[in-house]
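Here's a quick walk through a multi-chain model, from the inside out. Have a look at it first, then read on.

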Amino acid sequence: MSLETIYKLVTNMLSASAVTLEVFFLTLLFSLPLGLLVASLRMSKYKIIQLPIRFYLLIMRGTPLILQLIFIYFLPSQLGDKLSVTIPMLPRFGAAILAFTLNYAAYFAEIYRGGIQAVPTGQHEAAAVLGLSKVQTFFRVVLPQVIKNILPAMGNEFMTLVKDTALAQTIGVMEIFRLAKSSTSTNSSILPMFVAGLFYLIMNSVVSKGFSSLGKRLDYYK
Amino acid sequence: MKKLLSLSLAVVLVASIFAGCAKKDGKDDTATTSKSDATYVILEEALAEEEYSVGFRKDDVALCQAFEKTLAEMKDDGKFAKIDKKWFGEEVNILDKTKIKADATDGSLEKVKTAGKFVLGLDASFPPMGFTDNDDTIVGYDIDLAREVCKRLGVELVLQAIDWTANDQELKSGNIDCIWNGFTTNPKRQAALCMSTPYLENSQVVVTLAGSNIKTLADLAGKTLTIQGASTAGDALDSKPDVKSGLKGGAAIEVDDNVLAMFDLKAGGSDAVLMDKVVAEYYVTNPNAGK
Amino acid sequence: MENNHEKLLVMQDIYKAFDGTAVLKGISLEVNCGEVVAIIGPSGSGKSTLLRCATMLETVDAGTIRYLDKTMVTIGADGKAKYSDKKQLKEIRLCFGLVFQNFNLFPHFSVMQNITEAPIRVLGQSKQDAEANARNLLAKMGLSEKEDAYPCQLSGGQQQRISIARALALNPKILFFDEPTSALDPELIGEILKVIRDLAAEKMTMVVVTHEMTFARDVADRVIFMDEGVIVEQGVAADIIKNPQSERTRAFLRRVE
């Protein structure tokens, strides 16, 4: 490959990496709070709430993300076809974010649930006796401890998400892996794949570093 | 609210699984007239003219020439024309016997003969050249040709589905012996591979849904165009920078194969697909292909 | 009327069962202002459950509980326990504090935050006021230098003193202790008992579930012996411990001596 093509490749990859980053951050932005909501519904004492949530968790965690992407992207038109109505399609990028969000919220929900259940009942009781409200207890007492509890599992999940963003290309989102694939074939060289690999690696080193420094910051208590 | 949303999505997902099953059973295929019956239209203006070849490793010249020679024999005894008619209804091949040489001395042909098998790499979703039919068998024009050549050379034909974007890596690494799947010849590929004498003409054409307001290449301005990633459709588009820059987003949307591209078009995810004419014509006559 | 005001806590005919197993079988108990009551008895006798019912960590199946003139729970028309409305319960909560066996300090909060959290969030005190008050309490507990420490950096005895300070920071009228020294190494027990003794000297009303007989005898105005969900015997501490009337009390005291 000539220097010029390499230069072009790198600039193209930088712009494609912006898409990858967008998928990553938007997914987190929506799935982290959604996961918390799902976890709280999952822990509801009412079966009528609990059961559909368990079903949702089963679907999301029990089927490949790549299938969910295709389903969510093509479903509206297929369904509209069946019902003879026109259901507007989600734009590719929006469908990708929706699929990633629903999928990751399911994983996050289960991690939250584990983290919440790991907080001793004594903490809830101490807060109750002190007169803290349920909301205060959750946000002031429970959640900070949950965050410490779930940090290692979350770190894993974040790193997986970085790599999973590559699946968005299935429905035509032009992210870094798609670009690498295309230019690999155009240039008959696996260098673009290597560059893409390097990008994921750098991104994940940042994520990993972030989690370990956050872990250190929470090390002040046990 | 979010709960409701995710809930209804889950329900919809399941509903569609059942819907999908119903379709497979063919129970409701005739009931509704809607987008699924939409037919495709090919724009008259083509983006680029192309020819198909078979791609071998750069060093496997003897193997390539043996295949060319066998194809020429098939042309002479009418077998080639028979396969043409089976898939296209008429004789379409353009194999030029005068261009075929037999001067190679490398051991590639012997190697294949000793192994007793010949591995053909294809993406298996490229009708009618090579695709997977409803019985999960890989069939197609190229497959019939390859089967006949292998029969005559006395080796077993092995079909290996590959990820199209990595086709040259597959070839170079020795996982496959040739790429034979509507493989367009061009100078870049001729430099990197041993490309056989072309056997079929093709062009890159734009396919739209019937009733689309895209009638000319100029109408593509501001529209979305889908292509198979890593295919020569991308090269064809690059050769028409004015068309490319006019597209929405200034580039085509790339998906893994033509089946997905057509699916996307039918679903309304894109306005047009740029693809091989040979494949496009197959879709026009078989609008439900690739379902 | 005056007599009524003397009674800080009144519990009448409290019944509580877990999954069909009766744990409290009609307990009645009154605690007067400034009184220190020690509850003793074998494990499983229902002592802790009684405290948990008094502090609303458990709901009673039947019975009446009243703090001063505020009713927490009474018998409804259907014969079952009927709790007062949320607002009333919230007010009642401010009457009492509870010190746990396992301290249950908030591990992610510093000592200062542990003490000031509720006064700021629940009583609406300013941060300055809450901290000034916390410093006084810490001085009283002999832990002034620990305000920036985290619970995990403290000994069990220190943690328990912090949890007492945390409970006191809300100015409760009555303080419950649920086996406050049971989780501590023997050499650390003394420091907690001294704190409770000091509080008794200040006429703090306290109910202490304990296994420390000497402490019960020396500090408590009254000792209650519970067994199998009922109060077997109660009276002036020295009498009960030196001269128990019931055979069950005698048997228990022989075991713990």
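Which residues does W180(B) touch, not counting residues up to four places away in sequence? The list runs V54(B), F67(B), L71(B), L120(B), G121(B), L122(B), D142(B), L145(B), A146(B), V149(B) and Y199(B), where touching, or contact, means heavy atoms within 4.5 Å.

## Ground rules

This is a predicted model, so to speak plainly about cut-offs: local features need pLDDT of at least 70, side-chain atom pairs count only at pLDDT 80 or more, and totals for chains, interfaces and linings use all residues. Residues are numbered from 1 along each chain as its sequence is written, chains are lettered from A and ligands numbered from 1 in the order in which they are written, and side-chain values use heavy atoms, with hydrogens and water left out.

## The cores

W180(B) also turns up in the largest nonpolar core, where F118(B), W180(B) and Y199(B) touch the most other members out of 113 residues. A nonpolar core here is a set of buried Ala, Val, Leu, Ile, Met, Phe, Trp, Tyr and Cys residues joined through side-chain atoms within 4.5 Å. Buried means under 20% relative accessible area, exposed means over 50%, and partly exposed is in between (1.4 Å probe, protein chains only).

The largest share of this core comes from chain A: helix α4 (residues 92–117) puts in 14 residues. Helices (H or I, at least four residues) and strands (E, at least two) are DSSP runs, numbered from the N terminus. There's also a second, separate core of 48 residues, with M112(C), L138(C), A167(C) and V223(C) among them.

## Chain A on its own

Chain A has 8 helices and 0 strands. Its C-alpha atoms fill a box of roughly 70 × 55 × 25 Å along the principal axes. Of the 222 residues in chain A, 50% are buried. If you take the contacts in chain A with a separation of 6 or more, 75% are between residues 24 or more positions apart.

## Who touches whom

Of the 2 pairs of chains that touch, chains A and B have the most contacts. Chains B and C do not touch, and their nearest C-alpha atoms are 28 Å apart.

That leaves chain C against chain A, where 22 residues of chain C are in contact with 18 residues of chain A. The two bury about 2,000 Å² between them, 64% of it on carbon and sulfur atoms; buried area is the accessible area (1.4 Å probe) that two parts lose on being put together, summed over both. The rule finds 2 salt bridges across this interface, a salt bridge being a side-chain nitrogen of Lys or Arg within 4 Å of a carboxyl oxygen of Asp or Glu. E125(A) forms a salt bridge with R52(C), with the closest N and O atoms 2.5 Å apart. On the chain C side, β7 (96–99) and α4 (111–121) each supply at least two of the residues that touch chain A. That side divides into 13 nonpolar, 4 polar and 5 charged residues (Ala, Val, Leu, Ile, Met, Phe, Trp, Tyr, Cys and Pro count as nonpolar, Asp, Glu, Lys and Arg as charged, and the others, Gly among them, as polar).

## Salt bridges elsewhere

Over all chains, a search of the whole structure finds 35 salt bridges. One of them pairs K181(A) with D256(B), closest N and O atoms 2.9 Å apart. This pair crosses between chains, from helix α7 (residues 176–187) of chain A to the loop between β11 (253–255) and α10 (258–267) of chain B. K181(A) is buried at 5% relative accessibility, whereas D256(B) is partly exposed at 25%.

Within chain B, the side chains of K97(B) and D76(B) meet in a salt bridge (2.5 Å, N to O). K97(B) sits in the loop between α3 (79–88) and α4 (108–115) and D76(B) in helix α2 (residues 61–76), so the pair ties together parts that are 21 residues apart in sequence. K97(B) is partly exposed at 39%, and D76(B) is exposed at 53%. Chain B also has a network of salt bridges linking D77(B), K79(B), E148(B), K151(B) and R152(B).

## A serine in chain C

Where does S45(C) lie? Look in the loop between β3 (36–40) and α2 (47–54) of chain C. S45(C) is buried, with a relative accessible area of 1%. Leaving aside neighbours within four places in sequence, S45(C) is in contact with V23(C), M226(C), D227(C), E228(C) and G229(C).
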